[in-house]
Amino acid sequence: MENAVGEVQNILVLGGRSEIGVAIARELLTPSTQRVTLACRRPDETLDVEASLSRDGLRVDSVIFDGADTPTHADFIDNVVATSGDLDVVILAFGLLGTQEECDDDAQSAVKIAHTNYTGAVSIAMEVTKRFRQQGHGRLIVLSSVAGERTRKANYVYGSTKAGLDAFAQGLSDAMVGTGASVMIVRPGFVHSAMTTGMKAVPFSTTPDVVAKLTVKGLRAGKRIIWTPGILRWVFMVMRHLPVTIWRRMPEG
Amino acid sequence: METDDTTSRLTGWGRTSPSSARTAEVSRSDVATFIKDSNRRGVLMRGLGRSYGDAAQNAGGVVLTLKGSAQEAILDVDAGVLIAGAGVSLHDLLKVIVPRGFFVPVTPGTRFVTVGGAVASDIHGKNHHGEGSFGNHVRRLTLMLADGTIHEIGPDQNPTLFWATVGGMGLTGVILDVTFGLIPIETSLCTVNTIRCRNIDELIEEMSHGDDDHRYSVAWADLLSTGSRLGRSVLWRGDHTKLAELSSKDAAQPLRYEPRHLASVPPVVPSFGFVNKLSSSLFNELWFRKEPRRKEGGHKSIPSYFHPLDAIGSWNRLYGAGGFLQYQFALPFGREDELRQIIEKVAVSKTASPLVVLKRFGAANPAPLSFPMPGWTLTVDIPARAEGLGTLLHSVDEMVMQSGGRHYLAKDAHTTPTAIRRGYPRLDEWKQIQRSVDPGQLWQSDLARRLELI
């Protein structure tokens, strides 16, 4: 359960190797936290993450979860709940970035990204919020991206999955009002992480730790949508309305 | 479910940690229906929702409020004993019993609590040092168990279950009605002595020596001042006024009881609220200075002495959208140094609101989860969004644990299962009794989940 100052006892990270997801979990850790469950395709690869979270009185487990394998999602949530009890915070942080070139060469790469980032996320979010309705509380954090605000030619497949996910999460957030549960959308800009290594940074880039700090602050203040860094909200208010002839010329990267 | 119910978002009086449950107002004959139809998230009774934290919430389950009427209460004037439905509030009871020359045996700082809640939280008041908590005055109560059977229990009738129910936070069954002793009074006034203390040491000294001469004693303390003024405070000690003390004019209607409602805080308050460092410091300064250094024998009405905040409806809204929490703990006698250290820690953090109360407790009762222990209890209201509050409270928790102290479940909204296990060494004994009457875990609450009570 969550206490009066927003400290939580049980955290589930969907995308247990996601640097942002894990950073948010770490930022949420307090002496009240009892359990963190890291869910990813290969749990044997999260040992270093487990170790980095470890502290007295906290149990960190890794479990198998494949965001793209939607038929397994219902059982997955049932199993996590059976083992760990009520879910206080679920961080939806899995996703494929891919490259636009891959997608251009092989349409199936684009399909795979779309399926994982959108269909898979919708599937697990529906299962999570179904559980939230039953338990009468819970908070889902959905990692969207500014890439979905207006898709760029440099990564429009990825961007479009985030656009879809963001729109879905907004509706889901509204649907949760009155259930005791809530959904928060996080729209980070370019984040320096393993996922973006080798990519050219764009202005207003940020780090997983900064995203995590702002996310937890927003969560405790009951925010519905946050941008990280916050200035991107205003930047994109302008970007959204740039003439397409200019927008097309946005740098690759 | 056939009976009328609706889904509601519930919080405690502190307006933090909301959760959603199916709620319904029921008469005692309806309770069994809801028990039968409940899902795995269980059932919980809720009174007037004055617990500060999540004690009267049951996320995803059923939360029932028992209808009650003070008119149906049975008063045995000769024995000074009352039988009241668990859903009846002290507010309604006082209107009936004060004009007939009786007062409730224990009242907390608000009269807007139910009789059932008074037992389930084993509430205490300003007379704890001499007369114990609410459970001490209960002769008998009717309890509906998870299997739907109804049992009469009391200190000499199934005492194990009785004392597990006193302070049991509603987790042993549904309290249907309660028989308890009353205090006979000659007038509806209290004779109050006021003493202003320059710091916490003066206050502790004063309470240690003078409390036993009075039925009631409680102190307000300023938890924003530090240094030589650390814990400066005002101590009010009182007794029910005797008829002979009144002037002939007042003696004409000695038992007049008319609690006033001054105003209500509107539903919309700026989200940051009105309680902050500046407003609290200002309030504390004025509040301290308005009291005389020492005054003996002033008269106060029951509402103004016992329930001053009740004159303002929904005062909890003053804290804004973030809500607040009331941190209350007890430390045993002999731990006055630790008490001072905690007061200093809170004072330095500059987080406390003006609502701070220190009380000297008397003997504990046999209930395994009853909060009061011989020693000191400090109560501090704090805006929930105060910067660094979680960290501050965890470190105070640690000091409370190391001093052999404990937290009050009816107030708690923050602490951990560890702190409760350490603070209540008889928790396992209580769990065993609880499990024996509720093997299917029908009775559940957010508090019980968070603190692993069941």
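Two residues are in contact if their C-beta atoms, placed from the backbone, lie within 7 Å. The exercises below concern a predicted model.

**Exercise 1.** Determine which residues Val119(B) is in contact with, leaving aside its neighbours within four places in sequence.

*Solution.* Among the contacts of Val119(B) are Phe134(B), Gly135(B), Val138(B) and Leu141(B).

**Exercise 2.** State which members of the largest nonpolar core touch the most other members.

*Solution.* This core has 126 residues, and the members in question are Leu64(B), Val119(B), Ile175(B), Val178(B) and Leu223(B). The element that gives the most to this core is strand β18 (residues 324-332) of chain B, with 6 residues. Another core, of 60 residues, lies apart from it; Leu14(A), Val89(A), Val146(A) and Val157(A) are among its residues.

**Exercise 3.** Describe the order of the strands in the open sheet of chain A, and explain why β3 and β7 each have one side without a neighbour in the sheet.

*Solution.* The 7 strands follow the order β3-β2-β1-β4-β5-β6-β7, with parallel pairing. In chain A, β3 (59-64) and β7 (225-228) stand at the edges and have a single partner strand each, so one side of each lacks a neighbour in the sheet. On average, neighbouring strands are turned by 15 degrees against each other, direction ignored.

**Exercise 4.** Examine how β1 and β2 of chain A pair, and where helix α6 of chain A lies.

*Solution.* Strand β1 (residues 10-14) pairs with strand β2 (residues 35-40) in the parallel sense over 5 bridges. Leu12(A) stands opposite Thr37(A) in β2(A). Helix α6 (residues 156-176) of chain A lies across β5 (138-143) and β6 (181-188), and runs at about 155 degrees to β6(A).

Methods: Residues are numbered from 1 along each chain as its sequence is written. Chains are lettered from A and ligands numbered from 1 in the order in which they are written. This is a predicted model: local features need pLDDT of at least 70, side-chain atom pairs count only at pLDDT 80 or more; totals for chains, interfaces and linings use all residues. A nonpolar core is a set of buried Ala, Val, Leu, Ile, Met, Phe, Trp, Tyr and Cys residues joined through C-beta atoms within 7 Å. A residue is buried if 20 or more other C-beta atoms lie within 10 Å of its own, exposed if 12 or fewer, and partly exposed in between; C-beta atoms are placed from the backbone. Helices (H or I, at least four residues) and strands (E, at least two) are DSSP runs, numbered from the N terminus. Two strands pair if DSSP finds at least two bridges between them. Axes are lines fitted to C-alpha atoms, for helices over the stretch in contact, and angles run from 0 to 180 degrees between N-to-C directions.
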